[in-house]
Amino acid sequence: MNFKTSVLALAIAALPVASFAAGENNVGCGLGSSIFNGQSGVVPQVLAATTNGTSGNQTFGITSGTLGCTQDGTVRSSVKLSMFIDGNMERLARDMSRGSGESMDSLAQLINVKQEDKARFFQVAKVNFGQIYASDKATVQDVMAGLRAALASDATLAGYSSAVI
């Protein structure tokens, strides 16, 4: 290998490291992005990219609209949201029925509700509590589906419904 080829190979190899250092999400969507969502650094990004590229899961995610992939080109992940709801079902139900509380604040943050929309978000969740927690045996998926429907039916909050996948 001559000197120019060696320098070119080194420069190409350094490009991914530079983008990792910049904190960019450059691994796309897929199972790896769902598993390592929110983690930063070279190791989680390499593991996410490797996982995304195996077994065709990224292609499956894009074509099916799952694994944090959508067909509109926007990457989303419901893993953190569903984990939060699962770990806080009772507390979230209590706070949602009151229209306020720490778990409602956390839920709003996970959905990226803007500060100016939070009061409306809390009110819509409270008013639609019976739809969101339709039974005392509601599952995480039931709660997410109810919340998504409640948000979608409100003109101010409809845009947030896509964050509840």
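Predicted model: local features only at pLDDT ≥ 70, side-chain atom pairs only at ≥ 80, totals over all residues.
Me: How are helices and strands assigned and numbered here?
Reply: Helices (H or I, at least four residues) and strands (E, at least two) are DSSP runs, numbered from the N terminus. By that rule the protein has 10 helices and zero strands, and its pattern along the sequence reads α-α-α-α-α-α-α-α-α-α.

Me: What percentage of the residues count as buried?
Reply: Buried means under 20% relative accessible area, exposed over 50%, and partly exposed in between (1.4 Å probe, protein chains only). Of the 165 residues of the protein, 35% count as buried.

Me: Where does N128 lie, and is N128 buried or exposed?
Reply: N128 sits in the loop between helix 8 (118–127) and helix 9 (129–132). With a relative accessible area of 17%, N128 is buried. The C-alpha atoms of N128 and M96 are separated by 9.1 Å, although these residues are 32 residues apart along the chain.

Me: How is a pair of aromatic rings described?
Reply: The distance of the centres and the angle of the planes describe such a pair. Rings of Phe, Tyr and Trp (its six-membered ring) pair if their centres lie within 6.5 Å; planes under 30 degrees apart count as stacked, over 60 as edge-to-face and the rest as tilted. A search of the whole structure finds two aromatic pairs. In one of them, the ring centres of F129 and Y133 are 5.4 Å apart and the planes are at 25°, so the pair is stacked. F129 is partly exposed, at a relative accessible area of 24%, whereas Y133 is buried, at 11%.

Me: At what angle do helix 5 and helix 10 pack?
Reply: Axes are lines fitted to C-alpha atoms, for helices over the stretch in contact, and angles run from 0 to 180 degrees between N-to-C directions. Helix 5 (residues 79–87) packs on helix 10 (residues 140–152) at about 115°, with the axes 9 Å apart. Helix 5 is therefore roughly perpendicular to helix 10 (under 35 degrees is roughly parallel, over 145 roughly antiparallel, 65 to 115 roughly perpendicular and the rest oblique).

Me: Which residues make the contact?
Reply: Contact means heavy atoms within 4.5 Å. Helix 5 contributes L81, S82, I85 and D86, and helix 10 contributes V140, V143 and M144.

Methods:
Residues numbered from 1 in each chain as written. Heavy atoms only, no water.
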